[in-house]
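Open the model in your viewer and keep the selection panel handy.

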2 protein chains.
Amino acid sequence: MRTRFILIQTSHAGNVGGTARAMKVMGFDDLVLVAPRWANVLRREETIQRASGANDVLDNARIVDTLDEALDGMDHLCATAMTPRDFGPPTRHPREHFASLLEGAGAEVARPGGVAFLFGSERFGMRNEDVYRCHSCLSIPTDPLFGSLNLAAAVQLIAYDWRQALGGYALPPASAPERPLADAKALAGMLQHLEQALVAVDFLDPEAPKKLMPRLNQLFNRAAPTEEEVHILRGVAKAMLQTADRAKR
Amino acid sequence: MRTRFILIQTSHAGNVGGTARAMKVMGFDDLVLVAPRWANVLRREETIQRASGANDVLDNARIVDTLDEALDGMDHLCATAMTPRDFGPPTRHPREHFASLLEGAGAEVARPGGVAFLFGSERFGMRNEDVYRCHSCLSIPTDPLFGSLNLAAAVQLIAYDWRQALGGYALPPASAPERPLADAKALAGMLQHLEQALVAVDFLDPEAPKKLMPRLNQLFNRAAPTEEEVHILRGVAKAMLQTADRAKR
C-alpha cells in the first residue's frame, strides 16, 4: 500500500534525519516536508548524520509550502496528536486503527489505496485545521504523566506498527540449524547416568536421596534440553564417574 | 513487573538521553549503563538535551563496570541483536516473545519477576559472551535491506511493545462527549428534506432522477452521521429551500 510520512513545520534537522532512518528500517521511503524551518534541511549536516545511511529517503523527499500539496494520491489521512480535538476525527490507538483499516470495519468500507501519516511541529504539534482534514487521529499510548515523545521516535513507532499491520518482516534466518529436542527416553537415560555419578562423588546418598533426582528431573524438564545437550550432560556424568574411580585407587 | 534497560558500552551521549526519554514516555525508569564511553555521560549537555525532561531517569541511572553488576533482581534477560548467534538463546520477535513470557508458555513456566533488556554498543551490537547470558534474544523486525535501527529508537520500540504487553495505557479522555449516531429514521427524514432542496435548486430533476438519491443515501450510510450532523444537514436543506423560494419571487 502506498504510504507517506508528512512532517509539518519541523524545526530540528536531526528529527528529519531520524525520520528518514526510522522510515527506511521499516521499508518506507515517501517523505514530504511541509514548510520546514530550514529550506535546506535535507542537505544539512545534522540531517545526514542522523539519517545514518537512509540517504535515498532524503534524496527523494519533497519540500512543499502547504499541506494540500503533500496529499496527492493519498485517500486516508492519519493525524498524530497527543490530545483529541473537538470536531476532529475519532482518536484511536495505532494498532487497533491499523487492524480495522486493513480488515475493513465492515464489507462496505473500501480498503484505502494510499495512507499518509501527518506529524506536527516539535513545539506545537498539529494545528487544529490540519487535524480536521484527517480521517483518523492516532494517539500513541504513552505514560499520562510524561507524554513527551520525540518526533523521530513517534515516526519510528507508527512506522513499526504500520509495517507490522501490513504483514511485517520475518525473523532473520537462524545461523545454526534447529537442534532437535531430546526425547523423554534420552532424558531418563541421562538422569540415571547422572544419578550414578552423583552417588560416586558422594553428593547423593542412596540411603537418604531427599528427592534430589525428582528435583533434577523437573529442572531438566523445564530446560527442555536438545539431544546435543543430553550428550554433553552424559559426558559430564561419565567424567565424574571416572574421576571418582581414580580417587578410589 | 520490575523492568530494567541496560546499555552496554554506549558511545553517543545523545543515545543515552534519547533512551531516558524513550523509557519515560512508556513509564519505565530503571536505567543502567555498563562501561559507557564517557564516564560523565549522565551529565553531558547532549544527554540532557535529548532526554528532554526525563531527568529523573538520568538522575537515578547507575553506571557500572561490568554486566554482572547490572543484573541484580533480574531473572529474565532479553538480549537485543540483529543476527542470531550460534549457541545463543532462541531469537524471537518482541511481541510474540512478550506474549508468551506473560501468558506463560505453559502452566509449569513461572512468570518472571524482573525483566532486563540489554542493548550493545552502537557500532558492534552485543558481544557473543553477553548474548549467551540471556534467556532470549529479541530481533526487531526491520527491512532486511536496511536494518540500521538507531539505539534510542530500538529502546523506544522495545519499551513500547513491553508496555503494551503489560497492558498499555488508555486513550486520553475525549475532550468532547461521544455524540450519538443518528438512527435510520432520522437519516431517511434528512434525505427526504435534502431531496426537496435538490429539486428546488434545480439540481435534481424528478422526471430523470438518475439514482441520485440512492447514491447520496449510500454516501451518508458510510459516513454514519451523528444526530448533530443530521441536524446540520437539515439546516442546509432548509436554507436551500428558502433561497430557492426567494429566487422565484
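**First stop: a strand and its neighbours**

Select A:His76: its bridge partner in β6(A) is A:Val115. Before moving on, note that this is a predicted model, in which local features need pLDDT of at least 70, side-chain atom pairs count only at pLDDT 80 or more, and totals for chains, interfaces and linings use all residues. Residues are numbered from 1 along each chain as its sequence is written, while chains are lettered from A and ligands numbered from 1 in the order in which they are written.

Now widen the selection to strand β4 (residues 76-80) of chain A, where 4 of the 5 residues are buried (20 or more other C-beta atoms within 10 Å of their own, with C-beta atoms placed from the backbone). Strands here are DSSP runs of E, at least two residues long, and helices are runs of H or I, at least four, numbered from the N terminus.

**Second stop: where the chains meet**

Show both chains: 38 residues of chain A are in contact with 39 residues of chain B (C-beta atoms, placed from the backbone, within 7 Å). Colour α1 (13-25) and α6 (151-165) of chain A, each of which supplies at least two residues to this side. The largest share, 5 residues, comes from α1(A).

Note on methods: A residue is buried if 20 or more other C-beta atoms lie within 10 Å of its own, exposed if 12 or fewer, and partly exposed in between; C-beta atoms are placed from the backbone. Two strands pair if DSSP finds at least two bridges between them. Two residues are in contact if their C-beta atoms, placed from the backbone, lie within 7 Å.
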